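Subject: A structure for you to look at

Hi,

Here is the structure I promised to pass on to you. Please open it alongside this email, and then read on for what I found in it.

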Amino acid sequence: GSSFYFNAMVKINSKTKARAEARAFALRFICRVIVPLIVIGVVLLNWNALGRELHQNGAAGTLPNNNNTTSTGASRSETSFEAGASPKKNMNSNWCDTVAKARSNLLPELAITVPCQKMKPAKSAVVVFLTAGVPDGKGNNKVFSGSDYINGVMALGASLQDHITRDDTHMLLLIREGFTIPDDKVQMLESVGWTFGKAPKVDVEQKYVPRFERYKTLYTKTSVIGLSEYECVLLMDADTLTVGNLDDLLSCKILQPNFRVAGTLDHYRGSWYHFNTGSTLWRPCSQEMNRVYGLTKNSTFMKRFESDQIFTNTVYPDRTDRDLNAKIIEGTSNQKDWGQVADLGWQYNAQTHVEYQLPEFWEAHLKDVKIIHYTQFKGWQCPERHGGPPEPKQNYPRGNACTKIPGCACNEGYRWFDYLDKANSRANKKIASTKR
């Protein structure tokens, strides 16, 4: 009996030992194989996500931080476009991928920062640059304050909202480093359709910097050519205003088959000469942007151009032939003679200095105008008026005498004040609704 009991206990102990060894083996397998595999999997997932984020950030760049001090050290809430912050959570990786691919050949120092994560795909864009402004209260008839430019872009934004119905066009407000916007103005500008981005400096050697204060930072505007994610880009100055529908223009058809830019002739020193760069439609291209930038470093090409317009017309000199220009303005030219510059048409850049220089031409074409460019006195410099032009319209003397008259060539100034009021009203309503 005792032998049977002993043999039974040996068998039981053997089974218990086997089960213990199995559990130990399983535990070792989990610790040495399963857990490391899980850790590796988590690391790979995170690494993949980080790679996507870095890829998107390479296209999107960084967005502005808040800065709570003014240049005088006084506390004021304002947005500075000098420093970057982490981009927001990706909402549209497809557009980020499009931007990155389109700009893959662009020199890094020419990259424009856009928040691609929150932007839907688009065919075209309207672009305005804010590059510099004198302090409030220091502006005059030749240099303007930051607030002047902000008001200009407010009015322009509201006018664009009323005259673009396409859903494949972005509105980009690109800020050069050093230009600051109060936080409350950022909200208001966003409320009239603007998406903020950061513009590169595009500096030139000091000996080439324009003498005229207002033009010293304007080489930055050339960086618009690098927005190659779009089929076309309408570059507008802050002193323009939209008064007619732009849907057809923003289809980009005017640049077909292979025009580089579409511009409107400028009435310059008594004749039609150069295309005016206050409203131009560009066919963006990274390689072309690199080429133009290279010219700014070329001592054989460069000189002290007095404005970005003269520089641009030297790069694309197709509007220096006054005989051809006369035919273009009369509508009798042949497209094969246009070179790289398509005719944008007067309706898309009606320059107000022509109101007194060529009053008959101005009045004959006014009914067809879609973009007014306040070239004589800016909209904010005109006498404040609402609802319509003065009755009767003012007749201005031709020549330099008009430039000495306050409000010269401002019969259409009422449109600017109407749109500034409309912009402020829209912005205040939208901001109030978000606070409820």
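Below are my notes, going from the whole chain to the sheet and then to a few local details.

Please keep in mind that this is a predicted model. The chain averages a pLDDT of 84, and 79% of the residues score at least 70. Two stretches call for care. Over residues 2-12 pLDDT stays under 50, and the model has zero contacts there beyond four places in sequence. Residues 47-91 also stay under 50, but for this stretch the model has 84 contacts beyond four places in sequence. Where pLDDT is low, the predicted coordinates should not be read in detail.

**The chain as a whole**

You will find 10 helices and 13 strands in the chain. Of its 436 residues, 47% count as buried. The accessible surface comes to about 21800 Å², and carbon and sulfur atoms account for 53% of that. If you take the contacts between residues at least 6 apart in sequence, 74% of them join residues at least 24 apart.

Strands E3 and E4 pair in the parallel sense over seven bridges, with Ala125 opposite His170 in E4. The chain gets from E3 to E4 by way of H3, and this β-α-β crossover is right-handed. On to the next pair: E4 and E6 are also parallel, over five bridges, and here Leu173 stands opposite Phe196 in E6.

Is E4 covered or exposed? It is mostly covered, with eight of its eight residues buried. Thr169, Met171, Leu173 and Ile175 point one way from the strand, while His170, Leu172, Leu174 and Arg176 point the other way, and all are buried.

Elsewhere in the sheet, E9 (residues 261-268) and E10 (residues 271-282) pair in the antiparallel sense over six bridges. Thr264 has Asn276 in E10 as its bridge partner.

**Backbone details**

Two peptide bonds are worth a look. The one from Gln256 to Pro257 is cis, with omega near 5°, and Pro257 lies in the loop between strand E8 (240-242) and E9. The one from Glu391 to Pro392 is cis as well, with omega near -10°; Pro392 lies in the loop between strand E13 (371-373) and helix H10 (413-435).

Arg269, with a phi of about 50°, is found in the loop between E9 and E10. Ala409, with a phi of about 60°, has its place in the loop between E13 and H10.

Which of these two is buried, and which is exposed? Arg269 counts as exposed because its relative accessibility is 75%, over the 50% cut-off. Ala409 is buried, with a relative accessible area of 0%.

Enjoy exploring it!

Best wishes

How values were computed. Residues are numbered from 1 along each chain as its sequence is written. This is a predicted model: local features need pLDDT of at least 70, side-chain atom pairs count only at pLDDT 80 or more; totals for chains, interfaces and linings use all residues. Side-chain values use heavy atoms; hydrogens and water are left out. Two strands pair if DSSP finds at least two bridges between them. Helices (H or I, at least four residues) and strands (E, at least two) are DSSP runs, numbered from the N terminus. Buried means under 20% relative accessible area, exposed over 50%, partly exposed in between (1.4 Å probe, protein chains only). Contact means heavy atoms within 4.5 Å. Accessible areas come from the Shrake-Rupley method with a 1.4 Å probe; for residues, only the protein chains shown count as cover. A crossover is right-handed if, with the strands pointing away from the viewer, the path from the first strand over the helix to the second runs clockwise. pLDDT is the predictor's confidence in each residue, from 0 to 100.
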